[in-house]
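User: Can you walk me through the side-chain contacts in this one? Keep it short, please.

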Amino acid sequence: MESKLKELKDAMDSTTHKGLHFREFQKNKIRNAVHTSSTVKTKSPNKFVIFIMTTVAICLIGFFVSTGFLIKQNETINGSPNTWQVIHDYKEKQKVVFSIFPDPELHAGKPNGYIFSFKEPFDIFKEKELSILAVHKETGQRIEVLSPQKITEPSPGYSSLQRFTTSFQVPNSGLWRYEVYLDGEAYGYVVVSVAEKEEERPVVLPKDIPEYVKKSDFDKINWDRKASTFGRNIIGNEHQSGIIGADMPSLKAQKWMWHLWNTHAAELTVVGYHRETRTIHPVLNNGEGWTIPLGGENNGADVHAPSAVTIPERGEWAFVLYADGKLFDVVVLEIEK
């Protein structure tokens with residue numbers, strides 16, 4: 001055994017393990033190299049390059065974030081340009097969120113009535129502002145057709161907004177997307193098809209209408225000047241004309257009391273003008289008369305007169321008033337029931 005170990009030692013000494021492997025010079029060189037590498041300062045990057053790279057990174061992040069937002073917005077409210085089709089039910093996860101019931105005679109250029117039937121509980125809408133934006137497919141035109149309206153009560157006779165009614169007009173025919181917003185946030189949308197404008201019917205005066213009533217009087221109607229409530233539940237135009245009994249107008253026979261301010265006229269003529277059909281109707285005395293006598297002061301007005309009233313059809317009405325044969329005022333009311 002000892003002889004074999006001696007032979008192995010001799011063999012190793014004759015190769016790599018024989019003599020000094022690292023001389024002092026080599027050791028110092030290695031030490032210097034290690035010391036130098038640990039003390040060499042790294043050259044700092046160019047500040048301009050850092051600025052450019054940071055700017056590009058921020059832009060890319062902004063691009064992807066905004067693109068993602070737009071895609072999400074398009075998916076939830078605006079839809080894809082390739083998916084324009086008539087949709088009267090807005091759904092989420094195959095469940096109807098709300099539906100629209102447009103006027104069967106839906107035409108461009110005239111007011112049309114709509115019923116929105118919302119399915120969610122009233123707490124979703126309570127004390128929030130509901131608005132509607134209309135977008136035209138062909139032109140891209142965007143119109144706020146219903147300004148923000150605060151929701152305080154459910155639809156009459158319902159637990160929520162199952163019968164939210166409104167009326168508005170769009171100027172062009174074609175496909176329109178009605179986008180519903182709650183407190184400015186997208187809620188849902190429907191798409192309706194609006195027919196071409198109807199040729200305007202000329203205003204025709206009934207044969208028995210007083211001669212002082214002119215066709216031009218109806219061209220002057222300001223439909224944006226809606227009647228408001230003032231005083232003791234009077235509906236009309238404050239300090240000019242008003243009606244007691246018109247707070248819940250309907251197609252049934254009613255009793256209205258007319259009030260005029262700033263006049264001592266003896267007679268009141270009332271001409272009913274239906275906006276949609278452009279037709280003129282007598283409404284006093286259950287639709288049989290145009291003129292009634294005026295009495296003295298009442299409820300703060302200078303003159304007043306009670307009357308029976310019948311409205312022949314639903315829609316937007318202008319009641320054109322003449323005091324002693326002179327155009328006096330116009331009361332605009334929406335009559336639905």
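User: How many salt bridges does the structure hold?
Analyst: The structure holds 7 salt bridges. A salt bridge is a side-chain nitrogen of Lys or Arg within 4 Å of a carboxyl oxygen of Asp or Glu. This is a predicted model: local features need pLDDT of at least 70, side-chain atom pairs count only at pLDDT 80 or more, and totals for chains, interfaces and linings use all residues. Residues are numbered from 1 along each chain as its sequence is written, and side-chain values use heavy atoms, with hydrogens and water left out.

User: Which residue does K150 meet in a salt bridge?
Analyst: K150 meets E127, at 3.3 Å from N to O.

User: Where do the two sit?
Analyst: K150 is in strand β5 (residues 142-150). E127 is in the loop between β3 (112-118) and β4 (129-136). The pair links distant parts of the chain, 23 residues apart. Strands (E, at least two residues) and helices (H or I, at least four) are DSSP runs, numbered from the N terminus.

User: What does K150 count as, buried or exposed or in between?
Analyst: K150 counts as partly exposed because its relative accessibility is 48%. E127 is partly exposed too, at 43%. Buried means under 20% relative accessible area, exposed means over 50%, and partly exposed is in between (1.4 Å probe, protein chains only).

User: What about E316 and K226, how far apart are they in the salt bridge?
Analyst: Their side chains meet at 2.2 Å, N to O. E316 lies in strand β17 (residues 315-323) and K226 in the loop between α4 (216-219) and β9 (228-230), so the pair ties together parts 90 residues apart in sequence. E316 counts as buried, at 7% relative accessibility. K226 is partly exposed, at 45%.

User: Which Arg does E316 meet?
Analyst: R275, at 3.0 Å from N to O. R275 lies in the loop between β13 (267-274) and β14 (279-282), so this pair with E316 ties together parts 41 residues apart in sequence. R275 is partly exposed, at 24% relative accessibility.

User: New topic. How many aromatic pairs are there?
Analyst: The structure holds 20 aromatic pairs. Rings of Phe, Tyr and Trp (its six-membered ring) pair if their centres lie within 6.5 Å; planes under 30 degrees apart count as stacked, over 60 as edge-to-face and the rest as tilted.

User: Why is the F116 and F118 pair stacked?
Analyst: Their ring planes are at 15°, so the pair is stacked, with centres 6.2 Å apart. Both residues are buried. F116 and F118 also belong to one aromatic cluster with Y90, F98, F125, F164, Y187 and Y189.
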